[in-house]
Amino acid sequence: MIVRRLVLAALLAGVALPATAAPPAIPLDTLKTVTKTLSQDSFEGRAPATPGEDKTVAYIAERFAAAGLKPGVRGGWYQPVPLVELTLKNTPAITVTGGRTPLSFAYKTDMVIGTYRVVPQVAVESSDVVFVGYGINAPEKGWNDYAGLDVKGKTVVILVNDPDWQARATTGLFDGRAMTYYGRWTYKFEEAARQGAAMALIVHDTAPAAYGFNVVRSSWSGPQLETDEKGDHLDQSAAVGWLTNEAARKLFASAGKDLDTLTAAAKVKGFRPVPLGLKAGVSLENGIRRQASRNVIGIIPGSTTPDEYVLYSAHWDHLGRCEPVNGDDICNGAVDNASGVAGLVALAEAFRAGGPPKRSVVFLALTAEESGTLGSEYYANNPVYPRAKTVGGANMDSLNLLGDPRDISLVGAGKSDLEGLLTRLATAQGRVVKPEPTPEKGFYYRSDHFSFAKLGVPMIYFDGGDDLVKGGVAAGQKAKAAYEATRYHAPSDEYDPEWDWSGAVHDLQLYYGIGRALADGGTWPKWNPGSEFRAVRDASEAAR
């Protein structure tokens, strides 16, 4: 695929560049070297607040400096991110009584469980069990799965995703197939805590969750991180976790109920919570460690308006030591997301080759994305550079290493006019921008751009498409499915010297074009009418 001159795309985007301007080359050696280095076993899976972090952030700062970036934080490269690490010291079991058969659900086999509360021990004893459908309270939609029942002190059992996730279209009360934030597991636990539930358990199902229980198990076992805040998260439920689908069916059967029947009922507006007549309990013992992690920040100061900022972001962290597979307990995170950090470094080198931008360009290597986008959330709430002066930007979470696609998968389509810029740049490459093929998986709410978006900063996020030059859609879908099934959040996500980097290079040319257009232009991208983030941006524009 021949990439057109950047001047064409820039002119289409309303950015004037010299007639001789052409996109600088994306340094392939940089992509390979940084990805390979960060995913070595010696980095121990890059878990925050571990020796693996120390090696990781030092290496990123070294590469940022070599790429020509200036330290982005007063006094150096690092923004401290206060975290607290909770590690289960016991092997808990969830006990269920009061039904046809007493049940005991085993940790990692039948369920995973933890707590957000920063205390040495929590216990839930003889808690009434209630099925609350999808666990959604959305007054603006006239939907409340908690209506008519006080669940304070109770155990709530919740379905993952939205009620209409199986719809073919992306329209409807909860956007049909396209997951809303109400469908995310993080929301389920947030709402359960607001309702006063003592324990909240999500029923795992691979299709609506978008990953197998093996991913849940690897993500939830081992040390868990949260932001270190006043109050020690005592406003959260005492225990939160996931049940396997098989365990959930046993629980409902013990109550004389059928999970499928109640799931169908929960999809209908007007559903009311169903007490199951069961009692649940669990006891958790925590090891507590408070330690700051670090965001790594570099900047290219703008030549004309240095107090206006364009962002690139990617998370450096992964799962560290994880559930062993064939004796391997290091989740190296080569694709997710050593490749994205390599993209940051490569883009920094490309900007140096392309000449000074008019606006400042900030490169954020963020911590604790795998723990719930904690690093980006901390930066967004404690910005080194003011949000009101932040123009917009792009996030990279796992580069395309499957081959060169003819298309682009836009995550969260229809949200901002950055999408028009992406479309013009992609057209100049001879590629087609398509909405993400699996909006029900909720990728828009699963990476760092969301932390900025919900506070009003337009950020674009896209993946390489499915229609590969070699093999077409069938080959692309097969490769992505294989990665999700066997490598995602698993020790097998390791560097492969046989990877095809052509798609990653072409995607990075688009990332470069977006950042360069924003950095050399004078416009401020806007959220589309009806976007849930528009009001916040409008307020910041008024202040600016």
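Hi everyone, a definition to begin: a residue is buried under 20% relative accessible area, exposed over 50%, and partly exposed in between, using a 1.4 Å probe and protein chains only. This is a predicted model, where local features need pLDDT of at least 70, side-chain atom pairs count only at pLDDT 80 or more, and totals for chains, interfaces and linings use all residues. Residues are numbered from 1 along each chain as its sequence is written, and side-chain values use heavy atoms, leaving out hydrogens and water.

Let's turn to charged pairs. Side chains of opposite charge can pair when their charged atoms come close. Here we count a salt bridge when a side-chain nitrogen of Lys or Arg is within 4 Å of a carboxyl oxygen of Asp or Glu. The whole structure has 25 salt bridges.

Take Arg431 and Asp507, whose side chains meet at 2.9 Å, N to O. Arg431 sits in the loop between helix 11 and strand 20, Asp507 is in helix 14, and 76 residues separate the two. Helices (H or I, at least four residues) and strands (E, at least two) are DSSP runs, numbered from the N terminus.

Next, Arg294 pairs with Glu53, with the closest N and O atoms 3.1 Å apart. Glu53 counts as buried, at 1% relative accessibility.

Lastly, Lys108 and Glu323 form a salt bridge at 3.1 Å, N to O. Lys108 is partly exposed at 28%, and Glu323 is partly exposed at 25%.
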